[in-house]
Number of protein chains: 2
Amino acid sequence: MRVAVYRENGLSSFSCEALMPGISFFFEPKSVAVIGASNKEGKFGYYLLRNLLTLGYKGRVYAVNVKGGCVQGLKAYRSILEVPDEVDVAIVVVPADRVPQVARECAEKGVRGLVVVSSGFKEAGEEGKRLERKLVEVARKAGMRVIGPNTTGILNTSNMFTTSFVPLEGLRRGGLSFIAQTGLFAGATLSWMLTTQPFGVAKVCGLGNKCDVSEWEALEYLGEDEETKVIAAYLESVSDGRRFLEAARKATARKPVIVLKAGRTEAGARAALTHTGSLAGDDRVFSAACRQAGVVRASSMGEMFSIAKGFLMQPLPEGPRVAVVSMTGAGGVLASDAVSTAGLEVAELSEETRRRIGRVMPSWARVGLFVDIEPLYEAVGAECYEVALREVLQDPGVDACMVILLCMGGWTMPLIEERRLRRSFLEPPRESGKPIVVYVHGDKESSELAASRLESMGVPAYGSIEECTRVLEAMYFYSRYLRRHKL
Amino acid sequence: MRVAVYRENGLSSFSCEALMPGISFFFEPKSVAVIGASNKEGKFGYYLLRNLLTLGYKGRVYAVNVKGGCVQGLKAYRSILEVPDEVDVAIVVVPADRVPQVARECAEKGVRGLVVVSSGFKEAGEEGKRLERKLVEVARKAGMRVIGPNTTGILNTSNMFTTSFVPLEGLRRGGLSFIAQTGLFAGATLSWMLTTQPFGVAKVCGLGNKCDVSEWEALEYLGEDEETKVIAAYLESVSDGRRFLEAARKATARKPVIVLKAGRTEAGARAALTHTGSLAGDDRVFSAACRQAGVVRASSMGEMFSIAKGFLMQPLPEGPRVAVVSMTGAGGVLASDAVSTAGLEVAELSEETRRRIGRVMPSWARVGLFVDIEPLYEAVGAECYEVALREVLQDPGVDACMVILLCMGGWTMPLIEERRLRRSFLEPPRESGKPIVVYVHGDKESSELAASRLESMGVPAYGSIEECTRVLEAMYFYSRYLRRHKL
């Protein structure tokens, strides 16, 4: 098999690859120093230290600030050299032009790794490039690893260690890990995830400019991490195509990997250059590489997490045949369009299944290409979804199911009672071993209620037909990849 | 100019076209009868009558039920023939097999139009087809118009007349009118709209099986309706291609029209046949017809209303050049990709604009293809968006602006204070006459707060970069259409 290989030119040649055995120590430091720790609300060095002190991290935390004094109740050392202890990881949040000197002191101190949060490096023109080159030089000489610069860095929910300045209240442990070649967006996305998504987080690895630690190392680490069940990655470039492919192959043999790659277009590539100083590379080559390695490629941040939710909550479909079950005819028609456009098939129900559903329906109704729930509702009331799903999911011609659930208060409320949802949407799919996704549509209050009830029982709910389809498409892609490679 | 013409075969040949002067009486009846009115919660005939009695409709309402007695406080007549008054519109919600007889009585009574809510007609096989043919025959002979069957029918917020059984609490008047070749989905979508969208509704016209009144008549009516500012339509078929085109051209000369057409694929077309008994027609022909008539084609229900919101809230862009202003570099890169993929251009800011923004930024930062707000935040705090947007929007090389606003509580809260949002996102675009769209990303609570504040001042907020881009793309398409045709 031919494998596309590309290598970003420029700064990545400074990388000190594999000087250390992996990057796991970044996630499990015993002692940490925050260089640039601050008392001032509004400063990243304030929020960052507060996160470390309040989220539950049990390691030793040291504050470093040139002015000395006291920061958030900690003695502030004027330099890392004054810290009377070993330091595994130093988090650096001082202005860019001071970073090389800080790095020198860290090297002298014997710090194992730096997470450089500050921006103003490769992404910011010639002077920034020079500073980043200096930083890499110092680190390389000392065998010290660097994450960033220009990033929010690390989060590990198993020990609550973080280098992020983003508010992280309500952090939940879970199976998703996230690699992000960016800082703030990863933070905002994490906030969004924690407050709108049902799954929790295992680890986040923000890479920023990737001056040393790069995406393939993060992928390799998370591929082997037991707590990580699904990996999602936002990338603006790939530093080493071959190593990325190798790490991706190893990871996808064990768990799904979803990548959102920006810089697809000329404008996007130019923008990436000013963001993380990245060369985006040929997009078709990257797409081909993903396909070969069983990596799902997402086209937006929302889509990436929709797909992750499907993987985290449901079994893989064994084939492409999707049964469409809808309270509304229009939904059935739109879903049929969406399923076939996505390269899946609308399942043809067997004569037997049609007959069995038909028996319960009013005499005027019939089962068409999709199962219209409305006539069933007229016949059996709130049991309509249960009746349909039991029959549909036992049909050997069905590999997966998409349901369109309408929530409008009033007569639709009994349909979304917890017990009813359990009997309709949890039990029949679980017995069949086939995945189900639900599009919940209607007024805000009852839709959110239905979605949160469904997701608390492990049934993923989405806000559009297109999302549902894309999730099933991605799950089918991965399932086929595993089968083809006998994984 | 060649115009594609297609005509759905089958039942539409029964249509009694233009027997009456338009369909406006359906929206403004002085007296209404509900045939199949019910006291039983769970029945559509219950909710429908309750809507008519409680939403504020001031016309005369009569209940008809074969059992007589009293329904929701009204005397129930056993037949429409017993109603001691003229009846403009009869809403029919009895089982399909009784509908032809009910129609005969309505004809005898001199009713001007029927809205047939019941299903079990053309969409439900041979017997249903026969019943629908009967219904059309009776109506045609009597010069009586029919909306439906298989629909939720009419809603007019200017007089609160409705034939819908969907809960409609919180109904707001506004500029959007909605044509839907479906019943329940229109209802659920209306519920969704009322509880999640900032705009109000002028009229809804549910067409169901379109046995008589069809999409082009609805389009013609809403095109001329003064309260309707934007028309959105969900269609499964076009009954008469030429007339649809004519009505669309007339409408788009006055206001934007957005169409979501289902049955794009073979599976979708088959599904449409069992839903509203529609023949979906050649999708490429329909797409070409839309382009010729200045109709925006949406690819999903969500997209249709995202675009409608843009049209309702913002002026049209005069060109394709979109300035991207982002709190996050990754957002800027993804937006640059999305804008160029959509056939728009990322605006190249003038030297002068870059210099003026650069002057305020920290020394290490520079303005790239997009404006990165983060360094501006470091320099001027919560004024960052205002500084950037004032400069960007006065640039003659910019036709529209997309902003990526991050909301994560903490340090981002001062950025979304009402006064701040007004000075950043309302005033500079308003002074420039250029449209702005905002992608709000972050935790649920502060994102929803920011979005609702923005929208209450007329700035549309969206949940993804792709939505923002699609909205600007549609607005630019329509703006170009108007200019090309000197409209």
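Before I start, one definition: two strands pair if DSSP finds at least two bridges between them. With that in hand, we can go through this predicted model.

I will take the sheet in chain A. It is an open sheet of 7 strands with mixed pairing, and the order is E9-E8-E11-E10-E12-E13-E14. Which strands stand at the edges? They are E9, residues 161–162, and E14, residues 296–298, of chain A. Each has a single partner strand, so one side of each is left without a neighbour in the sheet. As a reminder, strands of a sheet pair through backbone hydrogen bonds, either parallel or antiparallel. For a parallel case, look at strand E10, residues 173–180, and strand E12, residues 230–235, of chain A, which are joined by 5 bridges. Within that pair, Ser177(A) has Ile231(A) in E12(A) as its bridge partner.

Next, the domains. Chain A is split into domain 1, covering 11–310, and domain 2, covering 315–484. Taken over C-alpha atoms, the centres of domain 1 and domain 2 of chain A are separated by 40 Å. Where the two domains of chain A touch, 10 residues of domain 1 are in contact with 13 residues of domain 2. On the domain 1 side, helix H9 of chain A, residues 301–313, gives the most, with 5 residues. By class, that side of domain 1 of chain A has 4 nonpolar, 4 polar and 2 charged residues.

Now the contact between the chains. Chain A puts in 72 residues and chain B puts in 73 residues. On the side of chain A that touches chain B, the elements giving two or more residues include helix H3 (126–142), helix H4 (184–196), strand E19 (436–442) and helix H16 (465–484) of chain A. Helix H10 of chain A, residues 329–341, is also one of them. The largest share of that side, 11 residues, comes from H10(A). By class, the side of chain A that touches chain B has 29 nonpolar, 31 polar and 12 charged residues.

Last, confidence. For the complex, the predictor gives an ipTM of 0.85 and a pTM of 0.89. Chain A has a mean pLDDT of 91, with 94% of its residues at 70 or more. What is the pLDDT over residues 1–20 of chain A? Over that stretch of chain A the value is below 50, and the stretch has 38 contacts in the model beyond near neighbours in sequence. Where pLDDT is low, the predicted coordinates should not be read in detail.

Methods. Residues are numbered from 1 along each chain as its sequence is written. Chains are lettered from A and ligands numbered from 1 in the order in which they are written. This is a predicted model: local features need pLDDT of at least 70, side-chain atom pairs count only at pLDDT 80 or more; totals for chains, interfaces and linings use all residues. Helices (H or I, at least four residues) and strands (E, at least two) are DSSP runs, numbered from the N terminus. Two residues are in contact if their C-beta atoms, placed from the backbone, lie within 7 Å. Ala, Val, Leu, Ile, Met, Phe, Trp, Tyr, Cys and Pro count as nonpolar, Asp, Glu, Lys and Arg as charged, and the others, Gly among them, as polar. pLDDT is the predictor's confidence in each residue, from 0 to 100. Domain bounds come from an automatic or database domain assignment.
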